[in-house]
Amino acid sequence: MASGSTTAGEETGYDFVGEISGWVEAYIECPHLHHLNGVTQSLPQFDALCSVCKNPNENWLCLCCHEVFCSRFINGHMLAHFKDANHPLAAGFRDLSVWCFECDHYLDAQVISQLRPIFEALHLMKFGDPAPPRADIFFFVR
């Protein structure tokens, strides 16, 4: 590095590549995994409608009871289901992300051993191919 130059982190004050764009590191632990229903044989299809409003867009799968509900950005039925049934774990059909409503955070379904089988089943169902192995690559700017 040339004399007098700075790294991206020094210029912006950010520590992680992607932090500027809102990238969030998912939790690798969650105390609410005991709610998980790990059965993967009877999952609904990705075109399943919200079980309340029948909306086909941006639906989430409750990982506790396997019901499908729309996101908080549609009619909020997944959030309402969490509040009514105390089912904190959900997987988004759009990007296969897993959210814990109790932790109020994304969970790394590729790393958390209890979530990996459901992630693999959803990935296979959505893409027709097995999920790739997870590569742990983190870029820190020093």
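This is a predicted model: local features need pLDDT of at least 70, side-chain atom pairs count only at pLDDT 80 or more; totals for chains, interfaces and linings use all residues.
Visitor: What makes E3 and E4 count as a pair of strands?
Guide: E3 and E4 are joined in the antiparallel sense over three bridges. Two strands pair if DSSP finds at least two bridges between them, so three bridges meet the rule. Residues are numbered from 1 along each chain as its sequence is written, and side-chain values use heavy atoms, with hydrogens and water left out.

Visitor: Which residue in E4 is the bridge partner of Ala-91?
Guide: That is Val-98. The hairpin of E3 and E4 has five residues between the strands, and in it Leu-96 takes a positive phi near 65°.

Visitor: Which strand pairs with E1, and in what sense?
Guide: E1 pairs with E3, antiparallel, over three bridges. Cys-62 stands opposite Ala-90 in E3.

Visitor: Which way do the residues of E3 point, and are they buried or exposed?
Guide: Leu-89 and Ala-91 point one way, Ala-90 and Gly-92 the other way, and all are buried. Buried means under 20% relative accessible area, exposed over 50%, and partly exposed in between, with a 1.4 Å probe and protein chains only.

Visitor: Why is the meeting of Arg-94 and Glu-58 called a salt bridge?
Guide: A salt bridge needs a side-chain nitrogen of Lys or Arg within 4 Å of a carboxyl oxygen of Asp or Glu. The N to O distance here is 3.3 Å, so the pair qualifies. Arg-94 lies in the loop between strand E3 (89-92) and strand E4 (98-100), and Glu-58 in the loop between helix H1 (8-12) and strand E1 (59-62), so the pair ties together parts 36 residues apart in sequence. Arg-94 counts as exposed at 60% relative accessibility, whereas Glu-58, at 25%, is partly exposed.

Visitor: How many salt bridges does a search of the whole structure find?
Guide: The search finds two. Arg-116 and Glu-120 form one of them, at 2.7 Å, N to O. Arg-116 and Glu-120 lie four residues apart in helix H3 (residues 116-127), about one turn of the helix.

Visitor: How do you know whether Arg-116 is buried or exposed?
Guide: Its relative accessibility is 15%, under the 20% limit, so Arg-116 counts as buried. Glu-120 has 35% and is partly exposed.

Visitor: What is Pro-44 in contact with, leaving aside its neighbours within four places in sequence?
Guide: Taking contact as heavy atoms within 4.5 Å, Pro-44 touches Leu-61, His-66, Val-68, Phe-93 and Met-125. Pro-44 lies in the loop between H1 and E1 and is buried at 18%. From Pro-44 to Leu-61 is 17 residues in sequence and 8.2 Å in space, C-alpha to C-alpha.

Visitor: Why are the rings of Trp-99 and Phe-101 called edge-to-face?
Guide: Rings of Phe, Tyr and Trp (its six-membered ring) pair if their centres lie within 6.5 Å; planes under 30 degrees apart are stacked, over 60 edge-to-face, and the rest tilted. The centres of Trp-99 and Phe-101 are 6.5 Å apart and their planes at 80°, so the pair is edge-to-face. Trp-99 also pairs edge-to-face with Tyr-106, at 4.8 Å centre to centre and 80° between the planes. Trp-99 is buried at 14%, as is Phe-101 at 12%, while Tyr-106 is partly exposed at 33%.

Visitor: Which residues form the aromatic cluster?
Guide: Phe-82, Trp-99, Phe-101 and Tyr-106 make one cluster.
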